[in-house]
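Subject: Structure to look at

Hi,

Here is the structure I promised to send over.

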Amino acid sequence: MLKHELIRVFGRIGLLSFGGPAAQIALMHKELVEDRPWLSEAEFLKALSFCMLLPGPEAMQLATYAGWKRGGVVGGLIGGGLFVIPGALVIMGLALAYGAYGNLPWVQALFLGVKACVVVIVIQALLKVAKRAIIGPVQGLIALGAFIALFLFALPFPLVVLCAGVIGAITLTGAKTAQKNVLPSLKQTLKTIAIGTLLWAAPLVILAAFNQSFLIEIGFFFSKLAVVTFGGAYAVLAYMTQEVVVSYQWLSTAQMMDALGLAETTPGPLILVTQFVGMIAGMAQGGIGLALLAGMLTLWVTFVPCFIWIFAGAPMIDWLDSRPRLRGALSAITAAVVGVIANLSLWFAIHVFFETVSTLRWGAITVVSPEFGTLQPMAVFLALLAALLLLRRNWPLPLVLAITAFAGLVTLAN
């Protein structure tokens, strides 16, 4: 009976979880706190803070925690799994269709409208995160420093987050809590981590035995992504975009922007874009069969760690909440994410609004520079339309995406 209820509730959340982390967290709050007494307000907020401290998608991890809290490990698998599976099936179909038809003019016209809308979506996310994270001058300086480090100096994302966490642990400790919480069993925690790690690594071991070098490279990259990308979904996207386009060159800049646009149109966590990237890279290497294998491998190595973090760490939430230095590190990391999203939004806008973009280097400084003569007025118009509908009129995201995509298609006819 409990399993059926978990499947029903989390299946509904998985199917309706459009709009990115903010909208998904709001949906879970309504379903799990307001509509049914599965979590108290304090439990929900404490779990959300914990999930934001973890690498990977905080909304998916929150769903996993809520399922674990209600039904143990099985409940956590149901909660996290159903948050991912509907969107993963949609992304699989979209990636195959994109590989076959993505270069057609009318498809590119549709994507122009979607990408213009995504520019506004990322700015909207920036405003929401900044409102929550910038609560003092230290957080503001951390956010500015993160933006400068990424946009001007192209420093590695993990290094930026690590520095922010250290600064926060030193400067943002706040008052000590009088609450005393006992650290859960270390033996049980290590056992959970060991079992999870073996499951996580199993596909890579099998691929190594068959000398599948491309899939091993895919698996190792997205495994690393799952470990180092602190700060939520948009932080993941920022780091992945840099690595996939520049370092590995699996996708072009235009393909990566199309991938980000598609991720915004589907239910589930935004980092399902990793599945899309894996599939497109696989299709370029070996056709549909390799694309499907790369997509499944990407899903496995991206999301299995999320279950490990929750199953190992959820019993520690109360204890971690009583550690002021950890709370300070979390506050600083959240502030740094504001700079990360600002960098992503500027990078994305430049590539959407201008046809030609180059990279300029002066010593340690590395910046993207648009060729202003290649400005696309229609992309700017579509972004302004999306801004009006989303930010001023508060229209639903799926409707605005449909309107801008259709408007992009109309431009082709004219």
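Let me start with helix H7, residues 157-171: its 15 residues reach 21 Å from the first C-alpha to the last, close to the 21 Å expected at 1.5 Å a residue. That expected span is 1.5 Å times one less than the number of residues. Helices here are DSSP runs of H or I with at least four residues, strands are E runs of at least two, and both are numbered from the N terminus.

A word on the source: this is a predicted model, where local features need pLDDT of at least 70, side-chain atom pairs count only at pLDDT 80 or more, and totals for chains, interfaces and linings use all residues. Residues are numbered from 1 along each chain as its sequence is written, and side-chain values use heavy atoms, leaving out hydrogens and water.

Back to H7: Phe 157, Val 160, Val 161, Ala 164, Gly 165, Gly 168 and Ala 169 are its buried residues (buried is under 20% relative accessible area, exposed over 50%, partly exposed in between, with a 1.4 Å probe and protein chains only). Down the axis of H7 they fall within an arc of 165 degrees, so they line one face of the helix; the arc is taken from the directions from helix axis to C-beta atoms. Leu 162 and Ile 170, on the other side of H7, are exposed.

As for the whole chain, it has 16 helices and 2 strands. Buried residues make up 53% of its 414 residues, and its C-alpha atoms fill a box of roughly 65 × 50 × 45 Å along the principal axes.

Best wishes
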